[in-house]
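Here are some notes for a colleague who is opening this structure for the first time. Please read them with the sequence and the structure at hand.

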Amino acid sequence: MRASKIVLGIAFLMITLTFSAQNKQQISIESLLTDMVDRDAVARFPEANFKLKQESSYNRASKTPSEPEGWFNNHDYNKEEKPEDHNFIRTEEKNGQKEWVLMDHVGPGAIVRTWMPFLSAQEPNTDIIIKVYLDGSDKPVLEGNMLGLLDGTGLIPYPLAHQSLRSAVSFFPIPYAKGCKITTSKKPFFYQFTYRAYDDLTPIKTFTKADFDKALPLTKEVGDLLLNPRSTTIGETISLSGKVATKKEKSIILPEGHAAIKELTLKLDDYKNPEITRTVVLKIEFDGQQTVWCPIGDFFGSGIGLNPVNGWYTSVSGDGTMTSRWVMPYQKSGKISVINLGKKSIKVDLKATVGAWEWDDDSMYFNAAWNGQYPVATRPFSDWNYVTLKGRGVYVGDALTVMNPVKRWWGEGDEKIWVDGEDFPSIFGTGTEDYYAYSWGGKSTDFYEHPFHAQPKCNVYNKLNRKPQGTKGKNTSGYSTETRTRALDVMPFSSALQLDMEVWSWTDCEMGYGVGVYWYGDRETTSNRVNKEKEVLNVPPLPKDFPNNKK
């Protein structure tokens, strides 16, 4: 049965990739769905030039870092009695009915991610109607409940849309040739619409309900693939097994010539000490240049400790096997090393499946780096830099682990992302948890996972220790790990990218921050990240009153 599923999956991919090659000149629902599960495509600079942009309910008082009071304003929702907090574009009247305009993009594009929270933290419902108008039409192509339309319980099936922790999230692509306007029937609360803004004259087949229905079989196949990422079996397997002494590293050499790592697995013999996922570092060099230096917990999305989670690009199983399915091409040579910065020797089993790759001008190197800091003061409010990149590339994901010393919620901060020297971030969010696709973070302390985002650990809860239903309280102390990886919402940049996350806690305290960041780039593309061995060993301590804290 398993073998037949793998054969069917390979056959499906071959059919869809052929379809993509034949129709690459036109962007459509089908082509975008196919791209969503084409990992090879992410390793090449996009052929159809676009910028990733976002409309959100960020507070409009945020104008410049030189004005901290406005820049860190947390009122990213709408209050009728406070016009300065009207975080939407405008209102219109249509057939005697008022509509709130949340997005109004003129030009070719495609919506690739939507996020809205439950309007009440306790109830997954709303009576607000959302409408999507395309190409200047006065009739919406999509219309329905603001949550139900986009949470996997309505028109768009799971997992392309789903209920995350207290939010509705959709990754179903909605392409349009001339423009897109999104409105609501009542004053909106929080919202994010992430979209691709393509170059003018990019050929796009605008979304229609008929095309949506026609694409449903493909939608199901894509959803099944996302939920059941399959191991790569085509290629040469290179292995490393043995002990790595403290302060030492062991390496394997990859086959020479044009090739790509298609899958990488790593397993340690012992995870009893949760800090081992921070003190064991993965290093990869391609064509004589280091592109990966990242603790394994941050690289695979486990955070500090073994926290099982399953995603499209990376997975961590309960037996300790960590899997990466990022495609990592190179031209001449490759080398994978495991570094042990801990105080005890470790036993490691590592396998890399290396397959064929045709290198061209759009091929890019995979990069992963780490930034960590402890302590991080929460007052005054500040922006904490994930990474700053110079050159050409595509940003594809990150995994954040924080240590919160108090029970109160720590993640009110907004993401701010500048691309190619913008004066103002083209991506300005509404909260750390919103960036990681859930909401009401102070109450959402349970494990959750989705192919493109997850919360593998929060407080004492993970996949092996779920939060009991009905548990009251909002304790977010201890380690929390949040992951987000990107497919259609990758962020291409031609000259620069800067990603900052606000440090915005409800408590004046000192936190710990650590983040793994992933991108593809040309050989000349640089980052501001350096190997921080000293900071890797500076693991933020758990609060003294934390359960089972032995320190």
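1. Asp135 counts as partly exposed because its relative accessible area is 28%, which falls between the 20% limit for buried and the 50% limit for exposed. The model is a predicted one. Asp135 sits in the loop between strand 5 (129-134) and strand 6 (142-145). Its phi is positive, near 55 degrees, although Asp135 is not a glycine.

2. Where does Arg166 lie? Its place is the loop that runs between strand 7 (161-164) and strand 8 (167-170). Arg166, also not a glycine, has a positive phi of about 60 degrees.

3. Strand 2 (residues 90-94) pairs with strand 3 (residues 97-106) in the antiparallel sense, over five bridges.

4. Which residues does a cis peptide bond join, with omega at about 0 degrees? They are Tyr374 and Pro375. Pro375 belongs to strand 23 (residues 365-377).

5. A cis peptide bond also joins Arg379 and Pro380, with omega at about -5 degrees. Pro380 is placed in the loop between strand 23 and strand 24 (382-390).

Note on methods: Residues are numbered from 1 along each chain as its sequence is written. This is a predicted model: local features need pLDDT of at least 70, side-chain atom pairs count only at pLDDT 80 or more; totals for chains, interfaces and linings use all residues. Side-chain values use heavy atoms; hydrogens and water are left out. Two strands pair if DSSP finds at least two bridges between them. Helices (H or I, at least four residues) and strands (E, at least two) are DSSP runs, numbered from the N terminus. Buried means under 20% relative accessible area, exposed over 50%, partly exposed in between (1.4 Å probe, protein chains only).
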